[in-house]
Amino acid sequence: MPDLSEPFITSWASRAERLEPVQPSAAVAERLITEGLISLVQAAATLPSVRGKRVSTSSIFRWIVKGKHGVRLEAIKMGGPGYWTSKPALARFAAALTAAESRMIGLDS
């Protein structure tokens, strides 16, 4: 019987590497803590609904880990399994995302 453990472990490791968020600097972590940490559930509840649908916590997590259009949401992982961000970090993310999307469609030329 072939050993199937190696390809599984390799593919899992490569997936974990792709999902690893950028490590924030101590200054970013300190800024988020100073601004007031909120959970991903609280962050999702803070954002407005789009076409009657609320932003999911999965989307918030994806913005932290993968980003959107090259922009990542600032967050820290602290004291448990989840990530924490802040309302000002959401505002910075929205501003950077707006600028990135404007560049993509050529509005800032």
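Is Glu35 buried, partly exposed or exposed? I looked this up and found Glu35 partly exposed, at 28% relative accessible area. My cut-offs here: buried is under 20% relative accessible area, exposed is over 50%, and partly exposed is in between (1.4 Å probe, protein chains only).

Notes on the source. I am working from a predicted model, where local features need pLDDT of at least 70, side-chain atom pairs count only at pLDDT 80 or more, and totals for chains, interfaces and linings use all residues. Residues are numbered from 1 along each chain as its sequence is written, and side-chain values use heavy atoms, with hydrogens and water left out.

Next, salt bridges. I counted a side-chain nitrogen of Lys or Arg within 4 Å of a carboxyl oxygen of Asp or Glu, and got 3 salt bridges.

Arg31 pairs with Glu74, N to O at 2.5 Å. Arg31 sits in helix H2 (residues 26–35) and Glu74 in the loop between helix H4 (57–65) and strand E2 (76–77), so this bridge ties together parts 43 residues apart in sequence. I took helices (H or I, at least four residues) and strands (E, at least two) as DSSP runs, numbered from the N terminus. Arg31 is partly exposed, at 34%.

Back to Glu35: its salt bridge partner is Arg92, with the closest N and O atoms 2.8 Å apart. That links helix H2 to helix H5 (residues 87–105), across 57 residues. I have Arg92 as partly exposed too, at 30% relative accessibility.

Arg92 also meets Glu74 in a salt bridge, 2.5 Å from N to O. These two are 18 residues apart. I end up with Arg31, Glu35, Glu74 and Arg92 linked in a network of salt bridges.
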